[in-house]
Amino acid sequence: MSNLMRFKGDEPVVLGIETSCDETGVGIVRGETMVANAVASSVEEHARYGGVVPEVASRAHLEAMVPTVTQALHDAGMSFSDIDAISVTAGPGLAGALLVGSAAAKAYALALGVPLYGVNHLASHVAVDIVEHGALPEPTLALLVSGGHSSILQVNDITADIAALGATIDDAAGEAFDKVARLLGLGFPGGPQIDRISHEGDPAAIKFPRGLTGPRDAVFDFSFSGLKTAVARWVEARQRAGEPVPVADVAASFQEAVVDVLTAKTIKACKESGVDNLQIGGGVAANTRLRAMAQRRCDDAGVTLRMPRAGLCTDNGAMVAALGVEMVKRGVEPSSLDLSANSAMRVEQILAPRAS
């Protein structure tokens, strides 16, 4: 840690850039206040393929970067001269997409003469709740669920000390949602589609398996591949028998299995770690059933639950800016201008290091 960086106003202003997947996000955060959060999504370009195509995503980021930065500054009523630092997602994510964001961030930081922070995507999903509910309790536990990640984290210091307690050993929860939605003909992205139609179904109609919940299984790890296969086999059996597939019931029962496992394991982690603060983040955290079950189980267990609004759960630039602000406020040494994007960046590495 270095001495606190001087910044122009009473609180640091950071511009954050997020390009880990198919959203080009540019956010601006002043202290604990989000003043802009511009997002350009390429999801419609990927929908016809039924999933994200890395090359398409990278090209979309290239086209959207400058307009999205311009939009964020306009929304904030600011100019580049108001920016104290730049933060950017350095990983994990799609390699090509990350390279677009990191290249843009380096260029802006160099041109403006401000520090650059290459930050971890997963840590950013935790940090974003600061702009919603204020300073993050430390320690806190975080359940991060998205298309690429399903993890339980213990956050002792959002800028320096995050430990993974559990993670998916195969499909992430969001990936399973996408695959089951495709199987049911619901379209892409699958999470919102399954959430919507599940309200019309019975979550107890079909007893789908709960992965990694046996007495000898890894207590805080997740597995959704077997669940996905079980859904496919159930649907195929109905089709072979010439019977209609009750799509809403299948979707609701699948969703219930995912949400049940996610919340049960996370509450158990809270109890065993002695941490009574929990935050849920990531794209799947927008799921209404997950939010409801998490709140009920936290209330029963005496755990304080924080969840950002649904729009801040999906990938966005404000989450990257929020983590950047914490780096500035705590006097963390910035990254080098030659930082490299790391598609496999581990959550324990919160900041891309300076060159040796």
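Trainee: Is Phe254 buried or exposed, and what is its relative accessible area?

Mentor: This is a predicted model. A residue counts as buried when its relative accessible area is under 20%. Phe254 falls in that class, so the answer is buried, with a relative accessible area of 0%.

Trainee: How many aromatic pairs does the count come to?

Mentor: Rings of Phe, Tyr and Trp pair if their centres lie within 6.5 Å. By this rule the aromatic pairs number 3.

Trainee: Which kind of aromatic pair do Phe177 and Phe254 form?

Mentor: Their ring centres are 5.1 Å apart, and the angle between the planes is 70°. Planes over 60 degrees apart count as edge-to-face. The pair of Phe177 and Phe254 is therefore edge-to-face.

Trainee: How many residues apart in sequence are the parts that this pair ties together?

Mentor: Phe177 is itself buried, at 2% relative accessible area. Phe177 belongs to helix α6 and Phe254 to helix α9, so the parts tied together are apart in sequence by 77 residues.

Trainee: Are Phe222 and Phe224 stacked or edge-to-face?

Mentor: Phe222 is buried at 0% relative accessibility, and Phe224 is buried at 2%. Their centres are 6.1 Å apart, with 10° between the planes. Planes under 30 degrees apart count as stacked, so this pair is stacked.

Trainee: Which helices are among what covers the buried residues of α7?

Mentor: Helix α7 spans residues 190-198, and its buried residues are Gly190, Ile194, Asp195, Ile197 and Ser198. What covers them includes α6 (173-183), α9 (247-273) and α10 (288-301).

Terms used
Residues numbered from 1 in each chain as written. Predicted model: local features only at pLDDT ≥ 70, side-chain atom pairs only at ≥ 80, totals over all residues. Heavy atoms only, no water. Buried < 20%, exposed > 50% of the residue type's maximum accessible area, 1.4 Å probe, protein only. Helix = DSSP H or I, 4+ residues; strand = E, 2+ residues; numbered from the N terminus. Contact = heavy atoms within 4.5 Å. Phe/Tyr/Trp six-rings, centres within 6.5 Å; stacked < 30°, edge-to-face > 60°.
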